[in-house]
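Student: I would like to go through this model feature by feature. How should I begin reading it?

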Amino acid sequence: MINKHLLRPQRLRHIPPSFSWVDHRLVRHDYLARADHHAWTLYLFLVTVADAQGLSFYSDAGLCRRLATDQVTLWAARQQLVQADLIAYRKPLYQVLSLPEDPKSWPQSAAPRTGQAQSVAAILRRALEGGDK
């Protein structure tokens, strides 16, 4: 058994009133596989800037600048997070959603991850057609 101890006690993290930790169930219940790294970059940004209710608003142009990405990649990342039921979005408002207590109640992603690279065009085509074709 590993004996855990603080490496830098003077830097012990405290939850400030305007910030909430990233929920460890994202890892524990293997939800990270539901989205790609672009989506998780967006999620981390939204969790960081959200108010106590999980709300924030940024324009697409502002997000693209801050995340060093383009419109198509941002749109695909946002769709992955919406489909995974992690965020709600109605332009320009984002809401980071709480995770369900029961991981089985999470919706399954429309396209299970296969480990195969896919073009953004193919992902967008499937999303616009409304399913995994």
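Tutor: Begin with contact, which means heavy atoms within 4.5 Å. In the protein chain, among contacts between residues at least 6 apart in sequence, 55% join residues at least 24 apart. This is a predicted model: local features need pLDDT of at least 70, side-chain atom pairs count only at pLDDT 80 or more, and totals for chains, interfaces and linings use all residues. Residues are numbered from 1 along each chain as its sequence is written, and side-chain values use heavy atoms, with hydrogens and water left out.

Student: How many helices and strands does the protein chain have?

Tutor: Helices (H or I, at least four residues) and strands (E, at least two) are DSSP runs, numbered from the N terminus. Here the protein chain has 5 helices and 3 strands. Their sequence from the N terminus on is α-α-β-α-α-β-β-α.

Student: What order do the strands take in the sheet?

Tutor: Pairing comes before order: two strands pair if DSSP finds at least two bridges between them. In this structure the sheet is open, with 3 strands in the order S1-S3-S2 and antiparallel pairing. S1 and S2 are the edge strands, each pairing on one side only. From one strand to the next the twist averages 20 degrees.

Student: Which bridges hold the strands together, residue by residue?

Tutor: S1 and S3 pair in the antiparallel sense over 3 bridges, and Phe57 has Leu93 as its bridge partner in S3. S2 is joined to S3 by 4 bridges, again antiparallel. Tyr89 stands opposite Tyr94 in S3, and Arg90 stands opposite Leu93. S2 and S3 form a hairpin, with 2 residues between them.

Student: Is Ser56 buried or exposed?

Tutor: Ser56 is found in S1, residues 55-57. Ser56 counts as buried because its relative accessibility is 6%. Leaving aside neighbours within four places in sequence, Ser56 is in contact with Leu46, Val49, Ala50, Pro92, Leu93 and Tyr94.

Student: How do I read the packing of two helices?

Tutor: Axes are lines fitted to C-alpha atoms, for helices over the stretch in contact, and angles run from 0 to 180 degrees between N-to-C directions. Angles under 35 degrees count as roughly parallel, over 145 as roughly antiparallel, 65 to 115 as roughly perpendicular and the rest as oblique. The axes of H3 (residues 60-67) and H4 (residues 71-83) come within 10 Å and cross at roughly 100 degrees, which means that H3 is roughly perpendicular to H4. Asp60, Ala61, Leu63 and Cys64 of H3 make the contact with Gln71, Leu74 and Arg78 of H4.

Student: What angle do H2 and H4 make?

Tutor: The axes of H2 and H4 come within 8 Å and cross at roughly 80 degrees, so these two helices are also roughly perpendicular to each other. His38, Ala39, Leu42 and Tyr43 in H2 meet Thr73, Leu74, Ala77, Arg78, Gln80 and Leu81 in H4.

Student: Which residues of H3 are buried?

Tutor: Asp60, Gly62, Leu63, Cys64 and Leu67 are buried in H3. Their cover includes H2, H4, S2 (87-90) and S3. After H3 comes Ala68, whose phi is positive, near 50 degrees.

Student: Which residues have the most contacts inside the largest nonpolar core?

Tutor: In soluble globular proteins, nonpolar side chains tend to be buried together. A nonpolar core is a set of buried Ala, Val, Leu, Ile, Met, Phe, Trp, Tyr and Cys residues joined through side-chain atoms within 4.5 Å. The largest one here has 23 residues, and Leu42, Tyr43 and Leu86 have the most contacts inside it. H2 (37-49), H3, H4 and S3 (93-96) are the elements that give two or more residues to this core. H2 gives the most, with 7 residues.

Student: What does Leu42 touch beyond its neighbours within four places in sequence?

Tutor: Leu42 is in contact with Leu63, Leu67, Leu74, Ala77, Arg78 and Leu81.

Key
Buried means under 20% relative accessible area, exposed over 50%, partly exposed in between (1.4 Å probe, protein chains only).
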